[in-house]
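The following explanation leads the reader through a structure step by step.

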Amino acid sequence: MERELIESLLFTVLKVLVVVPVALGVGAYLTWFERKLAGHIQNRMGPTVVGPFGLLQPLADALKLATKESVIPRGADRPVYYLAILLALVPSVLLLALIPWGPAFELGGRVIKPIISDVNVALLLAFAFGSLSVYGTIFSGWASNSKYAFIGSMRKAAVVIAYEVVLGFSVLGVVLLAGTLSTVGIVQAQIERGVWFILYQPVAFVLYMFCMLAESGRVPFDVQEAEAELVTGYNVEYGGMKFGAFPLAEWYLNVIALSAIAVVLFFGGWSGPSILGPLSPYFWFLVKTFGLVFFTMWLHWTLPRFQAKDITDVAWKILLPVAIANVVVTAVVKYFF
Amino acid sequence: MRVKKVFRKDYLTLLESVLFLDFLKGLSVTLKNLLRKPITTQYPKEKLTPPKRFRGAHGHFVWDGTEPPSLKAIEKFMSYEKAKSRCVACYMCQTACPMPTLFRIEAVQTPDGKKKVTRFEMNLLNCLFCGLCVDACPVGCLTMTDIYELASYSRRDEVFSVEQLEERGKDYKARRGDEPERIWPNDEERKRLWGEIKWSG
């Protein structure tokens, strides 16, 4: 009994040690990718100088941020000021624990699941972590003792409160179809039926994409950043790597995690033709996730920004009724057919 | 020129708002741009050649046999040498200049009664590159070249002596002297912009 516990703990730690550094590295390299993408969309080149195709740019950025002087504004609430960084980063990283990267396989007579924690309420946890990340925003705005940061954090709080509700209702349709809240279970349900849930729930997918953009503070819902109005929003009073942590968590890790959850919910997770042998489930999962991340960035560099009042307006008056109607219709159809 | 009129509705139709057609249109525009080649000139690595009439750093054309015959009369009054500046120290450039202290021109009379230019310096720190001095020059000496990289480490280096100006004039004439003086790459471009000019032969 004790040996089993220690073994499972060891495996969990190993999985964490693989997933978290890889995710952070990919998050850092997404900055490079986004700059290249933005550049080419605007007929520029993006970073080209540091390394071939500017590939070492994230390292140069990290070095620059790490050596910057860190100025804390007068009147800042220091414990909360530092706590805000953790509260922004930790929920985004925790979201990665709920993502099944591939199917369970056997290694040395032991069944290994490539998911850090396969809990049966994974979706609830995912939305709980999503809601937690708003504390990082609010605390950073509050503790900075700056009106721009405070306005930014208040806007973000309003957006997240509105879109959490829509997000919850939008995935309920998928949960009804799959009959489970576990991420692995939802993927299994799609594989058993041989169809991706986006075909049954296209409205839910559109709503989910809206919510994903709002949660991760991407255009067109980036009112909390709103460079032209608020400098850079709630993280304006942070310097050095502390400043780098917020966009890394919000723009990159959060987008990766929410895209992966969208893949689990709507695109059949790791399902796909077996073209790479045992590695193909991972390949398909990563391809789908990266496709969604790319789509998010593509939207970011295409669309203008909504007004702050319009964002909550859209959420409460249009998206929420649509989401509830979607759930009701799904439930009725599921019950009678 | 024709102006394309764009008709814009105030509200989207139901179909458009349900299927996000306007989103898709915007996305297609950015995708098209994404696949296009960037238009960046990577400056220190690659440089554009300015047009012939570009107003860059100044230069002096020299006596090299290509000057118009009317200038031959000056030989009687001026002491000049081959491959030296055509300047006659008439001070027209200084008079035309909005910032006359930019020029430092001095001339002396030689024992045989001829005029000799002893000094011609331009302080480009004061220059606004308007080109009035070039228009004013009566002997076709002062010119503006296509050189635009004029940064240097000291203010002294921005004051150009007549030797440097001659050097630049020779270099400019060797490189671009044969090009026709026009701001369009060819006659078709000019016609497209200005139309056919009826009265000129």
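This is a predicted model: local features need pLDDT of at least 70, side-chain atom pairs count only at pLDDT 80 or more; totals for chains, interfaces and linings use all residues.

Helix α1 of chain A contains A:Glu7.

The loop that runs between α1 (2–41) and α2 (57–66) of chain A holds A:Asn43. Although A:Asn43 is not a glycine, its phi is positive, at about 60°. A:Asn43 counts as partly exposed, because 13 C-beta neighbours lie inside 10 Å, and the partly exposed class falls between the limits of 12 or fewer for exposed and 20 or more for buried.

B:Ala83, a residue other than glycine, has a positive phi near 60°. Its place is in the loop between β1 (58–60) and α3 (92–96) of chain B. Is B:Ala83 buried or exposed? With 11 C-beta neighbours inside 10 Å, B:Ala83 counts as exposed.

B:Arg2 also belongs to chain B, where it is found in the segment before α1 (14–19). B:Arg2 has 4 other C-beta atoms within 10 Å, and it is therefore exposed. Computed along the chain in residues, B:Arg2 and B:Ala151 are 149 apart in sequence, and the distance in space from C-alpha to C-alpha is 43 Å.

The account now turns to the packing of helices. Two packed helices are described by the angle between their axes and the distance between the axes. The axes of α1(A) and α10(A) come within 9 Å of each other and cross at roughly 115°. The two helices, α1(A) and α10(A), are therefore roughly perpendicular to each other, as angles from 65 to 115 degrees fall in that class. The crossing in which α1(A) passes α10(A) is right-handed. On the side of α1(A), A:Ala23, A:Val26, A:Gly27, A:Ala28, A:Leu30 and A:Thr31 take part, and they meet A:Leu248, A:Tyr252, A:Leu253 and A:Ile256 in α10(A). By class, this contact of α1(A) with α10(A) comprises 8 nonpolar and 2 polar residues, with no charged ones.

Helix α10 (residues 240–266) of chain A also packs with helix α3 (residues 78–95) of chain A, at an angle of about 25° and with the axes 9 Å apart. Which term describes the arrangement of α3(A) and α10(A)? They are roughly parallel to each other, because the angle is under 35 degrees. The crossing of α3(A) and α10(A) is left-handed. From α3(A), the residues A:Ile85, A:Ala88, A:Leu89, A:Ser92, A:Val93 and A:Leu95 meet a set of residues in α10(A) that includes A:Lys242, A:Phe246, A:Glu250 and A:Leu253. The contact of α3(A) with α10(A) divides into 10 nonpolar, 2 polar and 2 charged residues.

The crossing in which α5(A) passes α12(A) is left-handed. In the contact of α5(A) with α12(A) there are 20 nonpolar, 5 polar and 2 charged residues.

Chain A contributes 9 residues to the contact with chain B, and chain B contributes 9 residues in turn. The side of chain A that touches chain B is made up of 5 nonpolar, 3 polar and 1 charged residue.

Chain A has a mean pLDDT of 85, and 99% of its residues reach 70 or more. Among the elements of chain A, the lowest mean pLDDT, 68, belongs to helix α9 (residues 227–230), and the highest, 89, to helix α11 (residues 280–300). For chain B the mean pLDDT is 85, with 97% of residues reaching 70 or more. The model scores ipTM 0.76 and pTM 0.80.

Note on methods. Residues are numbered from 1 along each chain as its sequence is written. Chains are lettered from A and ligands numbered from 1 in the order in which they are written. Two residues are in contact if their C-beta atoms, placed from the backbone, lie within 7 Å. Ala, Val, Leu, Ile, Met, Phe, Trp, Tyr, Cys and Pro count as nonpolar, Asp, Glu, Lys and Arg as charged, and the others, Gly among them, as polar. pLDDT is the predictor's confidence in each residue, from 0 to 100. Helices (H or I, at least four residues) and strands (E, at least two) are DSSP runs, numbered from the N terminus. A crossing is left-handed if the near helix is turned anticlockwise from the far one by less than a right angle, and right-handed if clockwise. Axes are lines fitted to C-alpha atoms, for helices over the stretch in contact, and angles run from 0 to 180 degrees between N-to-C directions. Angles under 35 degrees count as roughly parallel, over 145 as roughly antiparallel, 65 to 115 as roughly perpendicular and the rest as oblique.
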